[in-house]
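Hello,

Here is the structure I promised to pass on to you. Please open it alongside this email, and my notes on what was found follow below.

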Amino acid sequence: MSSLLASQAQLLIPSKTSKLGLGSSFPSPSPCLSARGRFCKISNSLSQLIDDQLNIPKHVALIMDGNRRWAKARGLPVQEGHRLITQKLKEICNISSKLGIQAITAFSFSTENWSRSKEEVDFLMQLFEEFFEEFMRVGVRVSAIGDRSKLPITLQKCIDLTEETTKANAGLHLMIAVNYGGHYDILQATKRIANKVKNGLLELEDIDNTLFERELASKCTKFAKPDLLIRTGGEHRISNFLLWQLAYSELYFTKTLFPDFGEEALKEAILSFQRRHRRFGDHTY
């Protein structure tokens, strides 16, 4: 443990106090990011995946688990683990863009997370405001999925501004699931379709998978169904995330906590995906 703490101490550098008023120290910037947060050259080890022209997932879903445990293991407030979300997602977006991944959906706050302490929830809401403000300058298209009506008004406005500012950005599309749940997504889609039937805009015979998917939150992206789900933190469940969309996704679980999930960990996840044969219910024998 002492060696772990010593190693971590080398990664921490002084930083200015944000309006969250909590961090006296942060991990040093990732080597995949320049000082201004712009994308830089990817390592040779990972670029080999592109050179080999192997199958790259178009859409990656990400459950960012382990932030609290990462902080507690280092004797830090749990907020310090959450604070790394922005930096780590910048790194992941950088690598994904270089690989040709088209979309990422990151699970940041579930409909069940409101049960956490008010202090933690308030911190996360403020953190999300700073996150969306930061990602206006990263160069990717950013969208939010989930029930915005229960979010603070200031966060709702920040999301709207970020979506409007980045909507023309080409390349990677980053979707942040905030106050999102798979049950909620399916229920809202069902209600919208039922209302259209009630008002005579649809016939029951019109309802099929394609129509239903047009009512889901993921309709905002070209590749609505993730090819690969990555969950960090060691748990082996999908936790009410994209329940409809993940029907035929490949699932990858790693014990690596999200603050430690970087280029090599992402490479391992993609290599695992490339070794699999996706049959979608068919067979090859």
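Predicted model: local features only at pLDDT ≥ 70, side-chain atom pairs only at ≥ 80, totals over all residues.

Phe-132 counts as buried, at 1% relative accessibility; buried means under 20% relative accessible area, exposed over 50%, and partly exposed in between, with a 1.4 Å probe and protein chains only. Phe-131 is buried as well, at 3%. The rings of Phe-131 and Phe-132 form an edge-to-face aromatic pair, with 5.3 Å from centre to centre and 85° between the planes.

Residues are numbered from 1 along each chain as its sequence is written, and side-chain values use heavy atoms, with hydrogens and water left out.

How confident is the predictor? The average pLDDT (the predictor's confidence in each residue, from 0 to 100) is 85 for the protein, and 79% of the residues score at least 70. Residues 1-18 have a pLDDT below 50, and this stretch has 26 contacts in the model beyond near neighbours in sequence, a contact being heavy atoms within 4.5 Å. Over residues 21-40 the pLDDT also stays under 50, and the model has 57 contacts for them beyond four places in sequence.

Now the overall picture. The protein has 10 helices and eight strands; helices (H or I, at least four residues) and strands (E, at least two) are DSSP runs, numbered from the N terminus. Of its 285 residues, 49% are buried. If you take the contacts between residues at least 6 apart in sequence, 74% of them join residues at least 24 apart. The accessible surface comes to about 14,600 Å², and carbon and sulfur atoms account for 52% of it; areas come from the Shrake-Rupley method with a 1.4 Å probe, and for residues only the protein chains shown count as cover.

Because 13 of its 15 residues are buried, H5 is largely enclosed by the rest of the structure. Just after H5 comes Gly-100, with a positive phi of about 100°.

Back to the aromatic rings, which make eight pairs. One of them joins Phe-109 and Phe-128 edge-to-face, at 6.2 Å centre to centre and 80° between the planes. Phe-109 sits in strand E4 (residues 103-110) and Phe-128 in helix H6 (residues 118-135), so this pair ties together parts that are 19 residues apart in sequence. Phe-109 is buried, with a relative accessible area of 1%, and Phe-128 is buried at 3%. Elsewhere, ring pairs link Phe-107, Tyr-180 and Phe-241 into a cluster.

Finally, the charged side chains. The structure holds 20 salt bridges, each being a side-chain nitrogen of Lys or Arg within 4 Å of a carboxyl oxygen of Asp or Glu. Here are three of them to find in the viewer:

- Asp-65 with Arg-231: the closest N and O atoms are 3.0 Å apart. Asp-65 is in the loop between strand E3 (59-63) and helix H3 (67-73), and Arg-231 is in strand E7 (residues 228-231), 166 residues apart.
- Arg-74 with Asp-260: the closest N and O atoms are 3.9 Å apart. Arg-74 lies in the loop between H3 and helix H4 (78-82), and Asp-260 in the loop between strand E8 (250-253) and helix H10 (263-274), 186 residues apart. Arg-74 is buried at 13%, whereas Asp-260 is partly exposed at 41%.
- Arg-276 with Glu-250: the closest N and O atoms are 3.1 Å apart. Arg-276 is in the segment after H10 and Glu-250 in strand E8, 26 residues apart. Arg-276 is partly exposed at 29%, and Glu-250 is buried at 16%.

Best wishes

Terms used. Phe/Tyr/Trp six-rings, centres within 6.5 Å; stacked < 30°, edge-to-face > 60°.
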